[in-house]
Amino acid sequence: MTVSQPSIRVVDDDASWRLSITRLLNASGYKVMAYESAEEFLQTGDCSTPGCILLDVRMPSSSGLQLQRSLAAQSNMLPIVFLTGHGDIPMSVTAMRAGADDFLTKPVSSETLLQAVQRALARDSERRAQNDENLRLRARLDGLTPTEHKVFVLIVRGKLNKQIAYELGCSERTIKWHRHNIMEKLRVDSLAAMVSYAERLGVLDDESRQESASP
Amino acid sequence: MFVAASAVAAELPPGVLILYPDHLTLPSNVMVDSTLRREVPNAYGKPVTIYSEFLDVEKFASAEHENTIAQFVRQKYRNRNIKALVVMAPRGLEFALRHRDQVLPNVPVVYTVIAQEALREFNDLPADFVGSASNTPDDESLSVALRLHPTARRIYVVTGASPQDRRWERQMRRAVERLKPPAEVEYLSGLPTAEVLQRLRALTTESIVYSHGYYEDGDGTLSSLQESTEKMVSVSGAPLYSRIHETLGYGVVGGHVTPREDQVNRAAAFVGRLLDGAVPADIRVPPLTGVHMFDARQLRRWGIDEAKLPAGSIVKFKKATAWQLYRWQILVTALLLLLQALFIAALLIERRRRHSAEHEARKRLGEMAHLSRSVALGEISAALSHELNQPLGAILNNAGAAEMLIKSGAPVSHQLNEILSDIKRDDQRASDVIARLRAMLRKSEFEIRDVDLNAAVEDVGRFVASEASLRSVALRMQLQPDLPIVRGDRVQLQQVILNLALNGMDAMSGQPAETREIMIRTDRVNDAEAQLSVVDSGAGIPEEKLARIFEPFVTTKPQGMGLGLSISRTIIEAHGGRIWAERAAKRGAVLRFTVPLGSTASP
C-alpha cells in the first residue's frame, strides 16, 4: 500500500474558522483539506489517504452526526474529531457511541486541538497498519484452494484430522498433507497461530453466517 | 226707592273708604293704598271693598274746597255700605272731624300716619275715632342730628305756609324749647321758596337744616313734601334732617321715624276689628315707637360714619352690593364654579392616575417583555453560544498559528498581518453578537420610534438562523424591498419575531429534518400598515385553536408555558397592530402581525 503524508480534513461551514484552523495545522506541519459542508466532503473528499476528520457537529443542512453516519456507511476508517460550539451532552454521547475519536468544545486551545489531532492520526496510522496486515493475511487466505479453505475452517474449529477426513470423505493422510500446505501458505507454524489468524480475519464469523444462511 | 237703595247697600260687601289728604301719585300713598288693600281683607277674613279718595286738601286748603269735596264724597259713597273710614295724616283727621257726620254718619274713623305730637292738638276726639299715633317727637331727630354734627353751630328749621306746615312749625318750636340745643336755632317759616333756597345755598356744614318739606311756600306756591325737600337739598350746603318717613330718600339724611308700613299695618288691623263688630272704644293701644332711619347716600355725602349712628339704626338705600343684588346668581355661579373646579380637579387626578397607570403598564409591559425575551434567548442559548464560539475559536486558532509561525523563525510577517486582521475581524464579529444580545436583553420601557422593520428582522434573523441550523430547520427570509419605516419599539418587535420563529420551529421539531422549513417575510399591506409573516411547514394549528393560541397558557408544546405568543399579542396590540394565526396554503401555519407605518411613510 502507498504510504503518504497524513492530511487533516476540516469540515466546517464557518469560513473564518476553516481558515484559522488551516493556518494552525499548517503551522504545525500538517496537510489540511477544508470542506464547507458535509455534502461537499462526501462528494469530493477522499477517505482512503491517511489523516483524520475535524468535524463541526452543528452545521446547516446536514449535521455532523449525519455525516458521521454516512461515512460509517461507506466503511470509512478515518478517525473523527468532533468540534462543537456548545457542549451538548446527548449530542456528544451519540457521537462517541457512533465512534467519535474525540469531542472538543469550541473555542479550543491549540495544545488540546493539536494533541487530539495527534492522537487521531496515531490511531489512524495504527488502524491503517492493522488494516494492511489484515489485507496481507486475507491475501494469503485467498491463496488457499477451496478444499484447503474447507480444511482450514474445520481445523480452527478444533476438529481432529480423523474427523475432518471422515467429514470430507478422504483419508487422514490427505488431510495431513492439506494441513501442511495450509501452514505453509499462511506462514503459520502452529495450530494456535492458525486459530488466531482465523479469528483476526473473522473467518469463523463468516462461516457461521454462511451456515446459518444456507439451509 | 229709598228702600231699594238700602237693600242694595245691605247686600254689598262691607266697604272701607280711605281718605288721603293729598293726591294719588305720591309714592308713599301708592304704598299705603296697596298695603291697605292687601291687609284689610286679610285682617277681616271676608270680602271687603276698599275705596280711595284723594282730597288734595293740603294744596287746596280752603273751606269751600273742603265742602265741595265732602259733598262729593257723600254723594259718591252714600249707598256703598261703608263700614269704616280711614284717614291719613293730621289733615285727614281734621277733615273727618269736620265732615264725617254729614258725609258718612256713624261710620267709625281710623286715623293713621299721624305723630303723637300732632294728635295732641286734637282735643277730645269722638269715641268712634280710633287709631294709633307714632311717638316720634322732633326732639329725638334734632338731638341725633346734633350728635352726628357736633361742630354744628346753627340749626335752620324750615317750614311752609299751609295749615299742616304751620302745625309742624308749632311742634318743632315746642321740641326746641324742650331740647334747649347747644346750637342757635333759626326758623325759616313761610318764606318764598326762592328765599329759602337762597338762605340754604349759603350754608356750610357748620349748620343743620331741619325740615319735613312744605306744602305751600310764602308765595302761595303749592308743592308736595318731596318736591320741596328735593329743592332744598339740591342747594343746601348743610345736611337736612326730618322725622317723617315720606321724605326719606329725597335727600334727607335721616331722623327718628316711624315706618309708614308699621302705621298702616296697625290701621288695617283696627279696620278688621271694626268690621268684625268691635266697639271702637275698646281699641286702645300704645303709640308706635320710632326707629332711627338714615339714607346711606346722604350719610356718604356728608361723610358720616355709620358706626356713629345710634344703636339699632336702619340705613336705607344702601347701594346694594353685588351680593345683595345677585345673591342667588352668585351662589349658583359659585356653586357651578366649585363643581366645575371639582370636576376639573377630578379630571386632573384621573388624568394623573391614568398617566401613572399607563406608565406602570408600559413598565410592566417592558418588564414582561424583558422576561419573555430572556426566556426566548435562553431557549436559543445553544445557538447563541455557537454564534459566539465560532469567532472566539477562530481567534484562538489564529493566535496559536501565529505563535507557531513566530517560533518557527521563518519570515512570516506577511502571514502574521493576515492573521492579525482576521483576529480583529473575528473579534468584531463576537462583539457584534454580544451587542445584539445586549440590545435584546436591555430592560427598557416600551417606546415607540421609527423602526426599519427589515433591518430589525435581519438583526434578529441572525439568532434565528443560528437556532434554525442547530435544529436542522431551513430558514428563508423574503423581505420586501423599500418597505416603509414603521412605528414601534424595535427590541420588542424583534422579540415578537423571535417568539414567532421559535414557535414555528418548535412546531416542526417532531418531523424529519428535510421537511423543516421556516420563512420570514415582510410586506406592505396598505398605506397604513406593514405586515410580517412567519410561515412554518409543521403540522399546522387545529382550526379550533387558531383564535386561542395568543391567549396566555394556551400551548401546543408539552414544555411550553404558553406565554410567548400571549406576550407577543400584548406587544403588538400596544403598537396598535394586529396579530393572528392562519393555516398555511400547503401545510403548516402562518403567524402574522401588522404594525402601523410611520407618518413619513405615507405617500
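User: Trp323(B): what is its relative accessibility, and how does it count?
Analyst: This is a predicted model. In it, Trp323(B) has 41% relative accessibility, so it counts as partly exposed, the class between under 20% and over 50%. Trp323(B) sits in helix H12 of chain B.

User: Which nonpolar surface patch is made with Trp323(B)?
Analyst: One of about 650 Å², made by Trp323(B), Leu325(B), Tyr326(B), Trp328(B), Ile330(B) and Leu331(B). Helix H12 (322-325) and helix H13 (327-379) of chain B each give two or more residues to the patch.

User: Which element has the largest share?
Analyst: H13(B), with 3 residues.

User: Switching to helix H2 of chain B. What span should it have, and what does the model give?
Analyst: H2(B) covers residues 27-44, which is 18 residues. At 1.5 Å a residue it should span 26 Å, and the end C-alpha atoms are 26 Å apart, so the two agree.

User: Which residues of H2(B) are buried?
Analyst: Ser28(B), Asn29(B), Val32(B), Asp33(B), Thr35(B), Leu36(B), Val40(B) and Tyr44(B).

User: And what do the buried residues pack against?
Analyst: Strands E1 (15-20), E2 (49-54) and E3 (82-88), plus helices H9 (225-235) and H10 (260-275), all in chain B.

User: Which phi does Ala89(B) have?
Analyst: Ala89(B) has a positive phi of about 65 degrees, and it is not a glycine. Most residues other than glycine have a negative phi. Ala89(B) belongs to helix H4 (residues 89-103) of chain B.

User: Is Ala89(B) buried or exposed?
Analyst: Buried, because its relative accessibility is 16% and the cut-off is under 20%.

User: Over to chain A. Where is Arg187(A), and what is its phi?
Analyst: Arg187(A) is in the loop between helix H8 (172-186) and H9 of chain A. Its phi is positive, about 55 degrees, although Arg187(A) is not a glycine. With a relative accessible area of 65%, Arg187(A) is exposed.

User: Last topic: what is the pLDDT of chain B?
Analyst: Chain B averages 86, and 96% of its residues score at least 70. Over residues 1-7 of chain B the pLDDT is below 50, and that stretch has 1 contact in the model beyond near neighbours in sequence. Where pLDDT is low, the predicted coordinates should not be read in detail.

User: What ipTM and pTM does the complex get?
Analyst: The predictor gives an ipTM of 0.72 and a pTM of 0.49.

Notes:
Residues are numbered from 1 along each chain as its sequence is written. Chains are lettered from A and ligands numbered from 1 in the order in which they are written. This is a predicted model: local features need pLDDT of at least 70, side-chain atom pairs count only at pLDDT 80 or more; totals for chains, interfaces and linings use all residues. Side-chain values use heavy atoms; hydrogens and water are left out. pLDDT is the predictor's confidence in each residue, from 0 to 100. Contact means heavy atoms within 4.5 Å. Patches are made of residues with over 30% relative accessible area and no salt bridge: like charges are joined within 9 Å, nonpolar side chains (Val, Leu, Ile, Met, Phe, Trp, Tyr) within 5 Å. Accessible areas come from the Shrake-Rupley method with a 1.4 Å probe; for residues, only the protein chains shown count as cover. A salt bridge is a side-chain nitrogen of Lys or Arg within 4 Å of a carboxyl oxygen of Asp or Glu. Helices (H or I, at least four residues) and strands (E, at least two) are DSSP runs, numbered from the N terminus. Buried means under 20% relative accessible area, exposed over 50%, partly exposed in between (1.4 Å probe, protein chains only). The expected span of a helix is 1.5 Å times one less than its number of residues.
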